[in-house]
Amino acid sequence: MITITHIDVLVFEVLEEAFKLHESAPNQIPSSLFAEVVRIVGANPSDEQLQSFCGSKAAFSLSDVTTFLENQKLHEDPTKLLTDAFGIFDAEGTGRIDAVEFRTVMSNLGERFQPHEIEELMRISETDNDGKIAYA
């Protein structure tokens, strides 16, 4: 049994499944599939990191893969990314942004959204009685 110290339980469950799908022998994946397995769970190691860890080893155990992943940054929480993005428009730090201001910014910022795209964003955004969108 592998003790997980730094890997989230859900990530480990995905890792176990990916590992099983790529096994070439019991508890072994070939080195040619190592990068694919670690990328399935959200790691994005450089070629240098892979070469440094893998060396000339022909196969890896689940424990080996877990050890490698403990030093890798996995995909970030997408909700945090959105919260941070909305936070840019929240000058007071209240966790709420003005719906009208949001619509205006989305219409004029960077690669412009089409009116129907903005309408869809506004439709799925819940606006309170004060005309604010709660994002946090």
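N44 is exposed, with a relative accessible area of 62%, where exposed means over 50% relative accessible area, buried means under 20%, and partly exposed lies in between (1.4 Å probe, protein chains only). This is a predicted model, in which local features need pLDDT of at least 70 and side-chain atom pairs count only at pLDDT 80 or more, while totals for chains, interfaces and linings use all residues. Residues are numbered from 1 along each chain as its sequence is written, and side-chain values use heavy atoms, with hydrogens and water left out. The mean pLDDT of the protein is 86, and 93% of its residues reach 70 or more; pLDDT is the predictor's confidence in each residue, on a scale from 0 to 100.

**Confidence at the start of the chain**

- Over residues 1-5 the pLDDT stays under 50, and for this stretch the model has six contacts beyond four places in sequence, a contact being heavy atoms within 4.5 Å.

- N44 sits in the loop between α2 and α3 (47-54), where helices (H or I, at least four residues) and strands (E, at least two) are DSSP runs numbered from the N terminus.
- Leaving aside neighbours within four places in sequence, N44 is in contact with R39, Q72 and K73.
- N44 and L81 are 37 residues apart along the chain, and their C-alpha atoms are separated by 18 Å.
- R39 is found in helix α2 (residues 34-40), and R39 counts as partly exposed because its relative accessibility is 35%.
- Not counting residues up to four places away in sequence, R39 touches N44, P45 and L50.
- From R39 to P115 the separation is 76 residues in sequence and 37 Å in space, C-alpha to C-alpha.
- N27 has its place in the loop between α1 and β1 (29-30), and although N27 is not a glycine, it has a positive phi of about 55 degrees.
- With a relative accessibility of 39%, N27 counts as partly exposed.

**Salt bridges**

- Side chains of opposite charge can pair when their charged atoms come close.
- A salt bridge is defined here as a side-chain nitrogen of Lys or Arg within 4 Å of a carboxyl oxygen of Asp or Glu, and by this rule the count comes to five salt bridges.
- D130 forms a salt bridge with R96, the closest N and O atoms being 3.3 Å apart.
- This pair links distant parts of the chain, with D130 in the loop between α7 (115-124) and β4 (132-134) and R96 in strand β3 (residues 96-98), 34 residues apart.
- D130 is exposed, at a relative accessible area of 57%, whereas R96 is partly exposed, at 28%.
- R96 and D130 also belong, together with D128, to a network of salt bridges.
- The side chains of E119 and R103 meet in a salt bridge of 2.4 Å, N to O.
- Because E119 lies in helix α7 and R103 in helix α6 (residues 99-108), the pair ties together parts that are 16 residues apart in sequence.
- E119 counts as partly exposed at 43% relative accessibility, and R103 is partly exposed with a relative accessible area of 31%.

**Aromatic rings**

- Rings of Phe, Tyr and Trp (its six-membered ring) pair if their centres lie within 6.5 Å, and planes under 30 degrees apart count as stacked, over 60 as edge-to-face and the rest as tilted; by this rule the count comes to eight aromatic pairs.
- F86 and F102 form a tilted aromatic pair, with 5.3 Å centre to centre and 40 degrees between the planes.
- The pair links distant parts of the chain, F86 being in helix α5 (residues 78-87) and F102 in helix α6, 16 residues apart.
- F102 is buried, with a relative accessible area of 6%.
- F34, F53, F60 and F68 are linked into a cluster by ring pairs.
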